[in-house]
Amino acid sequence: MAVDELQAIIQRCQILEEADFKGEDFNLFQVAGQKCLEDGYAAQLLEVIQNEKNKVIIKNMGWNLISPLVRCIFMYKQEDDKREHCLRILDQLAQLCNPKELFLGLLEQIEQTSGEQVCQTVLLLLQPLQTVLLKLQNKKAYSVGLSLAMIMNQLTPLPVPYTKQQIQEDKLGLCQCCNAVVDFAKPFVNEVVKNMEKSSEYNDMELKEELIKFCMKSLKYPLLTAQLEQLEGIEEHPFRHFATEIIDILWNIKELIPLVFVPHKGKSPPWENQEFADIERKNSADSLACLSYLMFVQHFGVECFPMVFSPSYLLLCNMTHIEVLLKRTEESVLSKGLDLFESCLLRMEDNSLLHHYLEFRVFINVPQDLVKIMTLCPMEHMRKKSLNILQLFIDKFDTEGKYTLFRCLLKTSNHAGVEGYIIKNIKDQIHLALTKEYDNIWFTGHHLISLLDLVLSLPEGAETDLLQNSDRIMASLNLLRYLVIKDCESDNLTGVWTPLGKIKQNFLKPLRVGLNMSKAHYEAEIKNKKENRKEAHSSNPVCSVTVSGEKMPAMTTGMQLQVLHSALFTFDLIESVLARVEELIEGKTKAVMDENS
């Protein structure tokens with residue numbers, strides 16, 4: 001019988017000195033103890049452990065029972081007495097065992113768990129692990145750091161609940177587990193705070209560094225991908241509570257403000273391997289970006305925030321974080337970047353952001369990232385939000401800043417729709433320049449002429465794909481029409497009449513040639529399709545289209561004709577505006593010549 005075998009080993013070890021215990025004794029104790037648990041004698045095993053005479057034996061050998069004990073706890077149902085006995089054994093082992101040995105045993109058990117049992121195991125072992133760590137004297141900071149790192153590494157592969165239903169169900173127990181880990185860390189936070197009040201001893205600084213690492217890991221996972229908006233029907237949002245606790249830890253150990261305003265404060269060790277160094281840097285960047293989002297969008301820790309910084313300085317501090325978030329493709333992360341950018345911009349007055357900020361590379365990179373989201377993101381609401389934020393960003397700059405930003409975006413966007421949107425913004429700025437009393441040198445005169453060189457041009461002359469570039473071309477023609485109507489040649493306030501010959505040669509003339517060629521080509525295609533339509537009906541041919549290697553639904557002849565007619569309509573639209581511009585230029589030029597004669 002298992003209990004008899006255990007009692008025999010116990011009696012043999014009771015007469016031995018602690019130093020005389022052998023490896024064989026450890027093995028026999030582990031086997032007998034495991035058999036007791038597996039055969040349902042947990043109550044008898046508990047009595048052996050609680051016996052004061054066995055204190056030395058349990059201190060040295062008890063930690064070997066952790067693995068079979070955990071297996072048995074998960075095997076028994078919640079209301080089973082045997083499970084309750086196992087839990088009491090675990091509590092006793094935490095009190096009686098050698099802290100160093102038990103620490104390694106508990107950590108090994110957490111490391112070996114996987115899948116759906118990760119959170120269950122962590123929740124089960126957090127309390128005994130905390131008890132053991134509080135007893136440790138040597139390498140305490142290292143042990144706390146190792147524990148927190150091991151726990152977070154085990155949690156990280158688990159999917160983060162995102163929808164309201166997923167959060168409420170908490171199927172794998174991640175929400176509960178995260179908040180339990182924070183409670184686990186609190187005694188060590190309190191210890192750091194207490195010691196910081198007394199002095200800054202080296203060991204205490206080490207423990208502080210381990211807590212910072214834990215907070216940084218928590219910011220990257222799960223908070224970076226978590227849904228943190230307040231949800232109706234959830235009284236205490238688990239991830240919002242977790243975020244609050246992480247912010248509180250950073251504030252209590254006096255690291256919150258330095259991390260927010262000194263982005264390169266990270267204490268990551270120097271890596272000889274460059275790949276590891278890059279990973280560490282990226283992880284740190286993700287964590288700091290999430291921290292800024294929590295503070296400036298969700299207002300966690302806002303009561304700690306010093307209200308002395310200008311909105312432009314806050315934007316400058318956050319632009320690197322915004323760039324990090326906007327480069328991600330996950331909706332949960334990308335939306336945080338857009339929200340953070342919008343929040344920073346809404347704090348500012350229009351026209352208050354000085355053009356000097358564009359000397360920071362990040363102020364050029366971020367609008368380019370917005371353009372990519374506007375044109376490539378599969379989620380319509382994200383595309384629309386990006387466009388709104390780009391406009392907000394434009395509005396905040398002073399006149400020279402707007403001018404510089406327009407030039408940059410025209411050169412880099414490589415998207416006709418975006419270029420058309422920027423050209424419309426240029427038109428609005430010219431209108432303001434002509435209607436306001438003060439001089440605006442950036443959207444009149446030689447600066448405007450230089451900008452018009454970019455706007456009033458065709459990328460490949462007469463052979464430019466007019467259909468693909470129709471948004472840009474229409475915006476350019478509308479701008480030129482506005483300039484010709486608003487600014488008389490005799491006044492030439494904008495300066496547009498000075499390079500008119502060049503505009504005709506480089507833009508209007510090749511556009512006319514290109515339109516004639518395109519219309520002739522598409523009309524010929526339509527004629528050809530119509531002539532072959534009868535034959536097409538008899539053989540039922542279709543046109544197959546392949547996009548990114550994936551075959552799309554086939555196009556019938558009727559569908560092809562519809563596309564061709566749509567293209568012709570676009571060309572007619574461009575031609576009508578072009579004809580109006582040519583008519584206006586000719587009429588105004590003739591009027592000036594008549595006046596001079």
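A residue is called buried here when its relative accessible area is under 20%. The model is a predicted one, and what follows is a walk through some of its features. Its secondary structure comes to 26 helices and two strands.

One helix pair makes a handy starting point. Two packed helices are described by the angle between their axes and the distance between the axes. For helix H8, which covers residues 117–135, and helix H11, which covers residues 174–198, the axes come within 10 Å and cross at roughly 5 degrees. An angle under 35 degrees counts as roughly parallel, so H8 and H11 are roughly parallel to each other. On the H8 side, the residues that meet H11 are Cys-119, Val-122, Leu-123, Leu-126, Leu-129, Gln-130, Leu-133 and Leu-134. Their partners in H11 are Leu-174, Gln-176, Cys-177, Ala-180, Val-181, Asp-183, Phe-184, Pro-187 and Phe-188. Sorted by class, this contact of H8 with H11 has 14 nonpolar residues, two polar ones and one charged one.

Next come pairs of residues that are separated in sequence. Thr-163 is placed in the loop between helix H9 (140–155) and helix H10 (164–169). With 38% relative accessibility, Thr-163 counts as partly exposed. Thr-163 and Leu-231 are 68 residues apart in sequence, and their C-alpha atoms are 9.4 Å apart in space. Leu-326, in helix H16, gives another such pair: Leu-326 and Asp-369 are 43 residues apart along the chain, with 6.4 Å from C-alpha to C-alpha. Leu-326 has 5% relative accessibility and therefore counts as buried. Setting aside residues up to four places away in sequence, Leu-326 touches Leu-334, Gly-337, Leu-338, Val-366, Asp-369, Leu-370 and Ile-373.

Asn-425 is another residue to look up, this time in helix H21 (residues 416–435). Its relative accessibility is 5%, so Asn-425 counts as buried. Once neighbours within four places in sequence are left aside, Asn-425 is in contact with Gln-391, Ile-394 and Phe-406.

Most residues other than glycine have a negative phi, and most peptide bonds are trans. Lys-254 has a positive phi, near 60 degrees, though it is a residue other than glycine. Lys-254 is found in the loop between helix H13 (238–252) and helix H14 (256–261), and at 58% relative accessibility Lys-254 counts as exposed. His-299 has a positive phi too, near 65 degrees. The loop that holds His-299 runs between helix H15 (274–296) and helix H16 (311–326), and at 43% relative accessibility His-299 counts as partly exposed. As for the peptide bonds, the one from Tyr-221 to Pro-222 is cis, with omega near 10 degrees. Pro-222 belongs to helix H12 (residues 202–223).

Aromatic side chains come last. A pair of aromatic rings is described by the distance of the centres and the angle of the planes. With centres within 6.5 Å as the rule for a pair, the count comes to twelve aromatic pairs. In one of them, the rings of Tyr-357 and Phe-360 have their centres 6.2 Å apart and their planes at 40 degrees, so this pair is tilted. Tyr-357, at 16% relative accessibility, counts as buried, whereas Phe-360 is partly exposed, with a relative accessible area of 40%. Tyr-357 and Phe-360 also belong to a cluster linked by ring pairs, together with Phe-341, Phe-363, Phe-393 and Phe-397.

Rings also come up together with lysines. The charged end of Lys-336 sits over the ring of Tyr-293, 5.5 Å from the ring's centre. Lys-427, for its part, lies over the face of Tyr-482, at 5.2 Å from the ring centre.

Conventions: Residues are numbered from 1 along each chain as its sequence is written. This is a predicted model: local features need pLDDT of at least 70, side-chain atom pairs count only at pLDDT 80 or more; totals for chains, interfaces and linings use all residues. Side-chain values use heavy atoms; hydrogens and water are left out. Axes are lines fitted to C-alpha atoms, for helices over the stretch in contact, and angles run from 0 to 180 degrees between N-to-C directions. Helices (H or I, at least four residues) and strands (E, at least two) are DSSP runs, numbered from the N terminus. Angles under 35 degrees count as roughly parallel, over 145 as roughly antiparallel, 65 to 115 as roughly perpendicular and the rest as oblique. Contact means heavy atoms within 4.5 Å. Ala, Val, Leu, Ile, Met, Phe, Trp, Tyr, Cys and Pro count as nonpolar, Asp, Glu, Lys and Arg as charged, and the others, Gly among them, as polar. Buried means under 20% relative accessible area, exposed over 50%, partly exposed in between (1.4 Å probe, protein chains only). Rings of Phe, Tyr and Trp (its six-membered ring) pair if their centres lie within 6.5 Å; planes under 30 degrees apart count as stacked, over 60 as edge-to-face and the rest as tilted. A charge sits over a ring if NZ of Lys or CZ of Arg is within 6 Å of the ring centre and within 35 degrees of the ring normal.
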